Amino acid sequence: MLNRLIVLAALLLPACFANAHEYKIGALEIAHPWSQELPPNAPNVAAYFVIHNSGNTADRLLSVDSPISAEAQLHEHVMQNDLMKMQQVANVAIPAGGDVTFAPMAYHVMLLGLKDRSLLSDGKRFPMTLHFEKSGDVTVEVAVQKQAPESTQKHAHAQ
Ligand SMILES: [Cu+2]
């Protein structure tokens, strides 16, 4: 039995690594959920990812939750009187055939009232569930990193 499991694990490994950090639900793909490592006393943390909708109907991200925090809000950054300011949004539309990027200075998930900080250091991952209007729920693992992913940095600067 154990041998069988080892063989199975070995067979599955390459596939797991190939799309280690991408999740699929219906026509939606959620790429590389990540969070910036913050000082241990930071009151909130933010989570980022890219949603790609390969289908021909629009969807909507209604809400998010995570066992590590009491509350999770959808936020966007807006320019107000020459100042970048973040504010809560009720939901986020995911256009058919389009991408929506959650990144620093853009849409992000704000986790408030942190209950468990044990998974918030570099190299760890914490679970988070996304609730979509049409596609349903998908639980992803958010990778905590010291460094923002390259693609996100470029995106943030381009904005
Ligand atoms: Cu925020």
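1. Glu37 is partly exposed, with a relative accessible area of 24% (buried means under 20%, exposed over 50%, and partly exposed in between, with a 1.4 Å probe and protein chains only). Its salt-bridge partner is Lys146, the closest N and O atoms being 3.7 Å apart; a salt bridge here is a side-chain nitrogen of Lys or Arg within 4 Å of a carboxyl oxygen of Asp or Glu. Lys146 lies in the loop between β11 (136-145) and α2 (150-158) and Glu37 in the loop between β2 (28-36) and β3 (44-53), so the pair ties together parts that are 109 residues apart in sequence. Helices (H or I, at least four residues) and strands (E, at least two) are DSSP runs numbered from the N terminus. Lys146 is exposed, at 53%.

2. This is a predicted model, in which local features need pLDDT of at least 70 and side-chain atom pairs count only at pLDDT 80 or more, while totals for chains, interfaces and linings use all residues. Residues are numbered from 1 along each chain as its sequence is written, and side-chain values use heavy atoms, with hydrogens and water left out.

3. The whole structure holds 3 salt bridges. One of them joins Glu141 and Arg125 at 3.4 Å, N to O. Glu141 belongs to strand β11 and Arg125 to strand β10 (residues 125-132), so this pair links parts 16 residues apart in sequence. Glu141 is partly exposed at 36%, and Arg125 is partly exposed at 33%.

4. Glu29 also forms a salt bridge with Lys24, with the closest N and O atoms 3.6 Å apart. Lys24 is exposed at 54% relative accessible area, whereas Glu29 is partly exposed at 24%.
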